[in-house]
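Here's a quick briefing for anyone opening this structure for the first time. Take a look at the sequence and the model, then read on.

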Amino acid sequence: MAKLRLKTSTATEVRRALSRVNNMLLNGQIEPKTANAIIYSCNSILTSLRVDEQERKIDGLERMLNELQLQKG
């Protein structure tokens with residue numbers, strides 16, 4: 001069997017990967033236990049992507065706040 005690679009760098013890629021795994025499961029190309037493991041890891045990746053995005057937003061807001069404080073200062 002050929003090696004499969006699923007792109008999971010963005011939320012969109014994770015959604016595509018989950019759709020692909022779902023189709024493979026429905027077509028009997030992957031075992032349910034394997035599909036479950038992939039789905040679990042995709043959910044972990046999505047959580048990490050969300051945290052990274054929140055951190056970027058917080059960093060941006062902190063920079064804006066610091067700039068405003070410097071302007072007043």
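Arg 56 and Glu 53 sit together in helix H2, three residues apart, which is about one turn of the helix. Their side chains meet in a salt bridge, at 2.9 Å from N to O. Keep in mind as you look around that this is a predicted model.

**The salt bridge**
- How many salt bridges does a search of the whole structure find? It turns up one, and Arg 56 and Glu 53 form a salt bridge with their side chains.
- An α-helix has 3.6 residues a turn, so residues three or four places apart point the same way.
- Glu 53 is partly exposed, and its relative accessible area comes to 35%.

**Helix H1, end to end**
- Helix H1 covers residues 11-26, and its 16 residues should span 22 Å at 1.5 Å a residue.
- Just after H1 comes Gly 28, with a positive phi of about 70°.

- Which residues of H1 are buried? They are Val 14, Ala 17, Val 21 and Met 24.
- Look down the axis of H1 and those buried residues fall within an arc of 85°, so they line one face of the helix.
- Helix H2, residues 32-72, is part of what covers the buried residues of H1.

**How H1 and H2 pack**
- The two helices, H1 and H2, pack at an angle of about 170°, and their axes are 10 Å apart.
- Angles over 145 degrees count as roughly antiparallel, and H1 and H2 are therefore roughly antiparallel to each other.
- On the H1 side, the contact is made by Ala 11, Val 14, Leu 18, Val 21 and Leu 25.
- On the H2 side, the contact residues are Pro 32, Ala 35, Ile 38, Ile 39, Cys 42, Ile 45, Leu 46 and Leu 49.
- Val 14 and Val 21 come up here again: both are buried residues of H1, and both take part in the contact with H2.

**A closer look at Asn 22**
- Where is Asn 22? You'll find Asn 22 in helix H1.
- Asn 22 is partly exposed, with a relative accessible area of 40%.
- Asn 22 and Lys 7 are 15 residues apart in sequence, and their C-alpha atoms are 15 Å apart in space.

Notes. Residues are numbered from 1 along each chain as its sequence is written. This is a predicted model: local features need pLDDT of at least 70, side-chain atom pairs count only at pLDDT 80 or more; totals for chains, interfaces and linings use all residues. Side-chain values use heavy atoms; hydrogens and water are left out. Helices (H or I, at least four residues) and strands (E, at least two) are DSSP runs, numbered from the N terminus. The expected span of a helix is 1.5 Å times one less than its number of residues. Buried means under 20% relative accessible area, exposed over 50%, partly exposed in between (1.4 Å probe, protein chains only). The arc is that of the directions from the helix axis to the C-beta atoms. Contact means heavy atoms within 4.5 Å. A salt bridge is a side-chain nitrogen of Lys or Arg within 4 Å of a carboxyl oxygen of Asp or Glu. Axes are lines fitted to C-alpha atoms, for helices over the stretch in contact, and angles run from 0 to 180 degrees between N-to-C directions. Angles under 35 degrees count as roughly parallel, over 145 as roughly antiparallel, 65 to 115 as roughly perpendicular and the rest as oblique.
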